[in-house]
Amino acid sequence: MPSSPNYINHVRIPENNDWVIFILIGCIFLYVFMMNIIERDASLKDFLLQKYFDASNNLPSWIITSCVITLTLSVLISQYIPVVPKFIADLQILGYQLNKFGYTLLAVLFFYLIKSTLGYLFYQSIGDGKKWTVFYFTATKFYFILSFLLIILCVTHYYFPIDRNKMFLYYFSFFSFVFIFKVFFYLFHKNKILPEKWYYKFLYICTLQIAPLLLLWKLLFF
């Protein structure tokens, strides 16, 4: 009997990244909703330059911006997570298990919830609770701009032919620069969002900026 011919499949199945574009479109929709409904058709320039006493609906804008930052950051760094911890991977909700993106999203969400809660308690404990609203109003502008940079990085990372191993070093450098810039942004902003006394500023930076970031790094990469 003649032998069966061996066929080699040269068709390459591309990686399916539809989930990424769906998340990014959802983030853009959230911003469109925020600018048109919550900010009452404010332009981008007016939103970024508005003063605290002239602004309204600051809390919803902060929540939406935080959601976008959480989603885009999780999308970007989830592919670098070495492994989902076994005790997390073994958990099943309606028959589904958390993948790397799900675990990263959970960790980043936990990070921001803890950080925001501790920040609120910090301002209340030093008797400067009114400054907390000014703080998250100002932080919203910073994270709003950062979220657009993250969206650009997500598109580049998933839809352009780049060396992802080499890009990790660039991402690390980028986020290190962002962190340092954010500290100086908080320290010298004209709204004076940090406490007046220097030791409170030092305490805030160490306990509410550096420590939570180290905790997030440990959750994701160790």
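Contact here means heavy atoms within 4.5 Å. This is a predicted model, where local features need pLDDT of at least 70, side-chain atom pairs count only at pLDDT 80 or more, and totals for chains, interfaces and linings use all residues. Residues are numbered from 1 along each chain as its sequence is written, and side-chain values use heavy atoms, with hydrogens and water left out.

Select Asn58 to begin. Asn58 sits in helix α3 (helices are DSSP runs of H or I, at least four residues, numbered from the N terminus). Asn58 is buried, at 14% relative accessible area (buried means under 20%, with a 1.4 Å probe and protein chains only). Leaving out residues up to four places away in sequence, Asn58 touches Tyr52, Tyr136 and Phe137.

Now show α1 (residues 18-38) with α3 (residues 58-77): their axes, lines fitted to C-alpha atoms over the stretch in contact, come within 10 Å and cross at roughly 165°. That makes the two helices roughly antiparallel (angles over 145 degrees, on a scale from 0 to 180 between N-to-C directions). Residues of α1 that meet α3 include Trp19, Leu30 and Ile38.

Of its 55 residues, Met34, Phe135, Tyr143, Tyr186 and Tyr204 touch the most other members. Helix α6 (130-159) gives the most to this core, with 14 residues.

Finish on Phe135: beyond its neighbours within four places in sequence, Phe135 is in contact with Tyr123, Tyr186, Ile193, Leu194 and Tyr204.

Conventions: Angles under 35 degrees count as roughly parallel, over 145 as roughly antiparallel, 65 to 115 as roughly perpendicular and the rest as oblique. A nonpolar core is a set of buried Ala, Val, Leu, Ile, Met, Phe, Trp, Tyr and Cys residues joined through side-chain atoms within 4.5 Å. Buried means under 20% relative accessible area, exposed over 50%, partly exposed in between (1.4 Å probe, protein chains only).
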